[in-house]
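Trainee: Could you walk me through reading ring contacts and the nonpolar core in a model like this one?

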Amino acid sequence: QVHVVESGGGLVQPGGSLRLSCAASGSIFSIYAMGWYRQAPGKQREFVASMITSGSTNYADSVKGRFTISGDNAKNTVYLQMNSLKPEDTAVYSCYADVTQIRGGVPIDYWGQGTQVTVSS
C-alpha cells in the first residue's frame with residue numbers, strides 16, 4: 001500500500017505565497033516522478049507542475065515564473081512554492097507519485113486527497 005499526503009493549503013490574499021508539501025510513504029521501491037494537479041470549482045483538473053527524480057521539472061504556462069517545484073528524494077517528498085498568487089489559482093491541489101513497488105515493476109500513479117488553496121481578499 002502506498003499513501004500520498006498533501007499539506008500546506010489555506011487562505012491567502014492576492015499577491016501572497018503558500019508552500020505545499022506532498023509526502024509518499026508505504027510499500028515503495030522507487031519513485032519516478034511526483035507532481036501536482038489542481039481543480040477549480042466547475043472546471044476540469046489541470047496540470048500544475050511535476051518533477052522527475054533526475055531533477056527535471058515541468059510547469060503549466062499559467063504558473064511559470066510564479067510556482068517552483070522542488071523535492072527531497074530521501075524523504076519521497078515534493079514541495080510546491082507558490083508566489084504571486086492570483087484569485088484564479090484558487091483550487092483543490094492534488095499531488096501524485098509515480099511509484100514502482102518492486103524492481104522492474106510497472107509504475108503506478110498514487111494520489112493524495114488534495115488540499116484547498118483559496119486566494120481571496
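Trainee: Which residue lies over the face of Y37, and at what distance from the ring centre?

Mentor: Keep in mind that this is a predicted model. For a charge over a ring, look for the charged end within 6 Å of the ring centre. Here R45 lies over the face of Y37, 5.2 Å from the ring centre. There is also R19, whose charged end sits over the ring of Y79 at 4.0 Å from its centre.

Trainee: How many aromatic pairs are there?

Mentor: Rings pair if their centres lie within 6.5 Å, and planes over 60 degrees apart count as edge-to-face. That rule gives four aromatic pairs. One of them joins Y37 and W111: the centres are 5.5 Å apart and the planes make 65 degrees, hence edge-to-face. Y37 belongs to strand β4 and W111 to strand β10, so this pair ties together parts 74 residues apart in sequence.

Trainee: What is the relative accessible area of Y37 and of W111?

Mentor: Y37 has 24% and is partly exposed; W111, at 33%, is partly exposed too. Y37 and W111 also form one aromatic cluster with F47 and Y96.

Trainee: Which residues of the largest nonpolar core touch the most other members?

Mentor: A nonpolar core is built from buried residues joined through side-chain atoms within 4.5 Å. The largest one here has 31 residues, and W36, L80, M82 and Y93 touch the most other members. Strands that each supply at least two residues of this core include β1, β4, β8 and β11. Strand β9 gives the most, with five residues.

Note on methods:
Residues are numbered from 1 along each chain as its sequence is written. This is a predicted model: local features need pLDDT of at least 70, side-chain atom pairs count only at pLDDT 80 or more; totals for chains, interfaces and linings use all residues. Side-chain values use heavy atoms; hydrogens and water are left out. Rings of Phe, Tyr and Trp (its six-membered ring) pair if their centres lie within 6.5 Å; planes under 30 degrees apart count as stacked, over 60 as edge-to-face and the rest as tilted. Helices (H or I, at least four residues) and strands (E, at least two) are DSSP runs, numbered from the N terminus. Buried means under 20% relative accessible area, exposed over 50%, partly exposed in between (1.4 Å probe, protein chains only). A charge sits over a ring if NZ of Lys or CZ of Arg is within 6 Å of the ring centre and within 35 degrees of the ring normal.
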